[in-house]
Amino acid sequence: MAGTGEQEEYMAASAQRILETLQGRLGTLTGGKQVSGDTDLVADLGLDSLQVMELLMEMEDAFDISIPVNVMADVRTVGELADAVQVLLA
């Protein structure tokens with residue numbers, strides 16, 4: 001099962017990279033506010049719909065993926081967005 005361990009390690013590294021990328025992008029959008037996985041994109045950061053769409057486009061470019069708009073209906077926090085990106089990368 002060494003492959004499983006390597007896959008888990010890769011997934012953990014990917015999740016960390018996604019979260020770090022999100023934190024960097026959100027830091028720019030929010031003027032440097034502290035961001036964690038539990039941070040709510042709208043309630044805590046005050047992002048409007050245009051800023052959320054910009055964030056999605058930046059994440060698509062950063063990871064060379066296409067994020068369906070309907071994914072955002074299930075995403076409220078930075079961590080949930082990171083999880084959604086990770087699923088699309090798998």
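I start just after helix H2, where Asp64 takes a positive phi of about 50°. Helices here are DSSP runs of H or I with at least four residues, strands are runs of E with at least two, and both are numbered from the N terminus. Most residues other than glycine have a negative phi. Asp64 is in the loop between H2 and helix H3, residues 78–89. At 72% relative accessibility, Asp64 counts as exposed. For burial, the cut-offs are under 20% relative accessible area for buried, over 50% for exposed, and partly exposed in between, with a 1.4 Å probe and protein chains only.

Two notes on the source. This is a predicted model, in which local features need pLDDT of at least 70 and side-chain atom pairs count only at pLDDT 80 or more, while totals for chains, interfaces and linings use all residues. Residues are numbered from 1 along each chain as its sequence is written, and side-chain values use heavy atoms, with hydrogens and water left out.

Now the chain as a whole. It has three helices and zero strands, in the order α-α-α along the sequence. Of its 90 residues, 34% count as buried. Taking contacts, meaning heavy atoms within 4.5 Å, between residues at least 6 apart in sequence, 57% join residues at least 24 apart.

Back to H2, residues 49–63. How far apart are the end C-alpha atoms of H2? They are 21 Å apart, which agrees with the 21 Å that its 15 residues should span at 1.5 Å a residue; the expected span is 1.5 Å times one less than the number of residues. Buried in H2 are Val52, Leu55, Leu56, Met59, Glu60 and Phe63. These residues cover an arc of only 140° around the axis, which puts them on the same side of H2; the arc is taken from the directions from the helix axis to the C-beta atoms. Leu50 and Asp61, on the other side of H2, are exposed.

The N-terminal end of H2 is capped by Asp48, with a side-chain oxygen 3.1 Å from the backbone nitrogen of Leu50. A polar contact here is a pair of N or O atoms within 3.5 Å; within protein, one must be able to donate a hydrogen and the other to accept it, and residues adjacent in sequence count only if both atoms are side-chain atoms.

Next, the salt bridges: the structure holds two. The criterion is a side-chain nitrogen of Lys or Arg within 4 Å of a carboxyl oxygen of Asp or Glu. In one, Glu58 pairs with Arg25, the closest N and O atoms being 4.0 Å apart. Glu58 lies in helix H2 and Arg25 in helix H1, so this pair ties together parts that are 33 residues apart in sequence.

Arg76 and Asp40 also meet in a salt bridge, at 3.4 Å from N to O. Arg76 sits in the loop between H2 and H3 and Asp40 in the loop between H1 and H2, so the pair ties together parts 36 residues apart in sequence. Asp40 is buried, with a relative accessible area of 12%.

Last, Thr39, in the loop between helix H1 (2–30) and H2. Is Thr39 buried or exposed? At 8% relative accessibility, Thr39 counts as buried. A polar atom of its side chain lies 2.8 Å from the backbone nitrogen of Ser36. Leaving out residues up to four places away in sequence, Thr39 touches Gln34, Asp44, Leu45, Arg76, Thr77 and Val78.
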